[in-house]
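Please have a look at the display first.

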Amino acid sequence: MEQQSGNASRAGGAIIAFSILAGAITGNHFGQPSIGMVTGTAIGVAISLALYLYDRTRR
C-alpha cells in the first residue's frame, strides 16, 4: 500500500454533483432545467479542475 505524504487532496466529485443539482434547480426556476444542468456541470468541472491544478502545484 502506498504511503501518503501527509497532504490530503481535495475531492472534486462532490462539487460537480452539487453544482449539477443547483443548476437543475435554478434552471427549473427559469423554465429550462436542461440548460441549467449543462451550465451547472460546466461550472462544477471548472471548479474541480481548478482545485486539481491547485493541489498538483502544492505538492
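This is a predicted model: local features need pLDDT of at least 70, side-chain atom pairs count only at pLDDT 80 or more; totals for chains, interfaces and linings use all residues.

Let me begin with helix H2, where Gly36, Gly40, Gly44, Ser48 and Asp55 are buried, buried meaning under 20% relative accessible area with a 1.4 Å probe and protein chains only. What do the buried residues of H2 pack against? They pack against helix H1, residues 13-29, with contact taken as heavy atoms within 4.5 Å.

Residues are numbered from 1 along each chain as its sequence is written, and side-chain values use heavy atoms, with hydrogens and water left out.

The chain has two helices and zero strands, these being DSSP runs, H or I of at least four residues for helices and E of at least two for strands, numbered from the N terminus. H2 covers residues 33-58 and spans 37 Å from its first C-alpha to its last, close to the 38 Å expected at 1.5 Å a residue, where the expected span is 1.5 Å times one less than the number of residues.

As for the pair, H1 and H2 pack at about 155 degrees with their axes 7 Å apart, and they are therefore roughly antiparallel, a label for angles over 145 degrees. Residues of H1 including Gly23, Ala24 and Gly27 meet a set in H2 that includes Gly36, Gly40 and Gly44.

Finally, of the chain's 59 residues, 15% count as buried.

Notes. Buried means under 20% relative accessible area, exposed over 50%, partly exposed in between (1.4 Å probe, protein chains only). Axes are lines fitted to C-alpha atoms, for helices over the stretch in contact, and angles run from 0 to 180 degrees between N-to-C directions. Angles under 35 degrees count as roughly parallel, over 145 as roughly antiparallel, 65 to 115 as roughly perpendicular and the rest as oblique.
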